Amino acid sequence: MNLLDQLELYMIRVTRNQASQKNYWLFVYNSMKSGLLMTKNLETHLQYKLKELGVTLQETKSES
């Protein structure tokens, strides 16, 4: 389990399930993309996670 996965579990526990996985991973994706902190491998991984959570790239682009 990597750091982002651990932070996801912590966030869900602290917010008592009021925050969703979708919102968490969108936040991570948009934050890292806008800060130019994302490698190609991480971008591919995050896009896969978002796709599995029902988020399309068009959604992520419109929310940033």
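User: How much of the protein chain counts as buried?
Analyst: Of its 64 residues, 31% are buried. Keep in mind that this is a predicted model.

User: And how many helices and strands are there?
Analyst: The protein chain has four helices and zero strands. Read from the N terminus, the order is α-α-α-α.

User: What share of the contacts comes from residues 24 or more positions apart?
Analyst: They make up 44%, counting contacts with a separation of 6 or more.

User: Let's look at H1. How many residues, and what reach?
Analyst: H1 has 12 residues. From first C-alpha to last, H1 reaches 16 Å, close to the 16 Å expected at 1.5 Å a residue.

User: Which residues of H1 are buried?
Analyst: Leu 4, Asp 5, Glu 8, Met 11 and Ile 12. Down the axis of H1, these buried residues fall within an arc of 120°, so they line one face of the helix.

User: Why would residues three or four places apart point the same way?
Analyst: Because an α-helix has 3.6 residues a turn.

User: What do the buried residues of H1 pack against?
Analyst: Two partners are helix H2, residues 21-34, and helix H3, residues 40-52.

User: And which exposed residues sit on the face turned away?
Analyst: Leu 3 and Arg 13 are carried there, on the face of H1 turned away from its buried side.

User: Back to Glu 8. Where is it?
Analyst: Glu 8 lies in helix H1, which covers residues 3-14.

User: Which side chain of opposite charge is nearest to Glu 8?
Analyst: Lys 49, 4.7 Å away. A salt bridge needs a Lys or Arg side-chain nitrogen within 4 Å of a carboxyl oxygen. Glu 8 is buried and has no salt bridge.

User: So what does Glu 8 touch?
Analyst: Leaving out residues up to four places away in sequence, Glu 8 touches Gln 21, Tyr 24 and Trp 25.

User: New topic. How many aromatic pairs does the structure hold?
Analyst: One. Tyr 24 and Trp 25 form the pair.

User: What's the geometry of that pair?
Analyst: The Tyr 24 and Trp 25 pair is edge-to-face. The rings are 4.8 Å apart centre to centre, with 80° between the planes.

User: Are Tyr 24 and Trp 25 buried or exposed?
Analyst: Tyr 24 is buried, with a relative accessible area of 10%. Trp 25 is buried too, with a relative accessible area of 2%. The cut-off for buried is under 20%. Both of these residues also touch Glu 8.

Conventions:
Residues numbered from 1 in each chain as written. Predicted model: local features only at pLDDT ≥ 70, side-chain atom pairs only at ≥ 80, totals over all residues. Heavy atoms only, no water. Helix = DSSP H or I, 4+ residues; strand = E, 2+ residues; numbered from the N terminus. Buried < 20%, exposed > 50% of the residue type's maximum accessible area, 1.4 Å probe, protein only. Lys, Arg positive; Asp, Glu negative; His and termini not counted. Contact = heavy atoms within 4.5 Å. Phe/Tyr/Trp six-rings, centres within 6.5 Å; stacked < 30°, edge-to-face > 60°. Expected span 1.5 Å × (residues − 1). Arc of directions from axis to C-beta.
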